[in-house]
Amino acid sequence: MTTTFVSTVDTPTGPFTAVVDQDGVVLASGWTADLAELLTPVHPSLRPEAPVERADLGPVTAAIRAFHAGELDAIDGIEVRQRSGEFLEHAWRVLRKVPAGEPITYTAYAALAGRPAAVRAAASACARNAAALFVPCHRIIRTDGSLGGFRWGLAVKRWLLAHEGEGDAQR
């Protein structure tokens, strides 16, 4: 079994925790200090049993702090590892290409992922995303412009969209 590490950083929207493998690849991340809650969507083959707590995860912690301080592209170079079926893995890679400040609808996201009729599957990819922020599922909104759901709460999603420059993120 490989060693994994966990760290929690204070952000404007509350605690943000990340779990990385020994190479610094993000396995899980989100706005919580509850490790069990964070690890729930991680594929069993990647789910760590007892991550070692660290105050700093190097480039990952630096990216979290920089993003929240306004460097929106700070998260782009951080490697993420998630496992599931072929469509979900592809859909998560597509999510990483949605630019900050340019949210798209679930319908547009499904089309970008190569399955325009699979809007529910696209929404499921967002819901099952274990690496929030680094795989920016918060950038997907409903067709009517409303926020839709977000595992870490609509207040966090609203803040993220406003932070990224989406002026209409107050819904």
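## Close-up views of a predicted model

R81 is partly exposed, with a relative accessible area of 23%. Here "buried" is under 20% relative accessible area, "exposed" is over 50%, and "partly exposed" is in between (1.4 Å probe, protein chains only). Some ground rules: this is a predicted model, in which local features need pLDDT of at least 70 and side-chain atom pairs count only at pLDDT 80 or more, while totals for chains, interfaces and linings use all residues. Residues are numbered from 1 along each chain as its sequence is written, and side-chain values use heavy atoms, with hydrogens and water left out.

**View 1. R81 holds hands with D21 and E79 through salt bridges.** A salt bridge here is a side-chain nitrogen of Lys or Arg within 4 Å of a carboxyl oxygen of Asp or Glu. Between R81 and D21 the closest N and O atoms are 2.5 Å apart. R81 sits in the loop between α2 and α3 and D21 in strand β2, so this pair ties together parts that are 60 residues apart in sequence. Helices (H or I, at least four residues) and strands (E, at least two) are DSSP runs, numbered from the N terminus. R81 also pairs with E79, with 3.9 Å between the closest N and O atoms. D21 is buried at 8% relative accessible area, while E79 is partly exposed at 48%.

**View 2. D56 and R65 meet in a salt bridge, 3.7 Å from N to O.** D56 is partly exposed at 39% relative accessibility, and R65 is partly exposed too, at 46%.

View 3. A polar atom of the T17 side chain lies 2.4 Å from the backbone oxygen of T32. Contact means heavy atoms within 4.5 Å; beyond its neighbours within four places in sequence, T17 is in contact with residues including V6, A28, G30 and L38.

**View 4. The largest nonpolar core has 49 residues.** Such a core is a set of buried Ala, Val, Leu, Ile, Met, Phe, Trp, Tyr and Cys residues joined through side-chain atoms within 4.5 Å. Among those with the most contacts inside this core are W31, L95, Y109 and F134. Helix α3 (residues 86-95) gives the largest share, six residues. The domain bounds come from an automatic or database domain assignment. Leaving aside its neighbours within four places in sequence, F134 touches residues such as F16, V60, I78 and R96.

**View 5. Domain 1 and domain 2 bury about 1500 Å² between them.** Buried area is the accessible area (1.4 Å probe) that two parts lose on being put together, summed over both. Carbon and sulfur atoms give 75% of that area. How many salt bridges are there between domain 1 and domain 2? The count is zero. The centres of the two domains, taken over C-alpha atoms, are 20 Å apart. The contact takes 21 residues from domain 1 and 16 residues from domain 2.

**View 6. Helix α2 is mostly covered, with seven of its ten residues buried.** The buried set includes V60, A63, F67 and H68. The buried residues of α2 pack against β1 (4-11), β2, β3 and α6 (154-163). G70 follows α2 and has a positive phi, near 115°.

Notes. A polar contact is a pair of N or O atoms within 3.5 Å; within protein, one must be able to donate a hydrogen and the other to accept it, and residues adjacent in sequence count only if both atoms are side-chain atoms.
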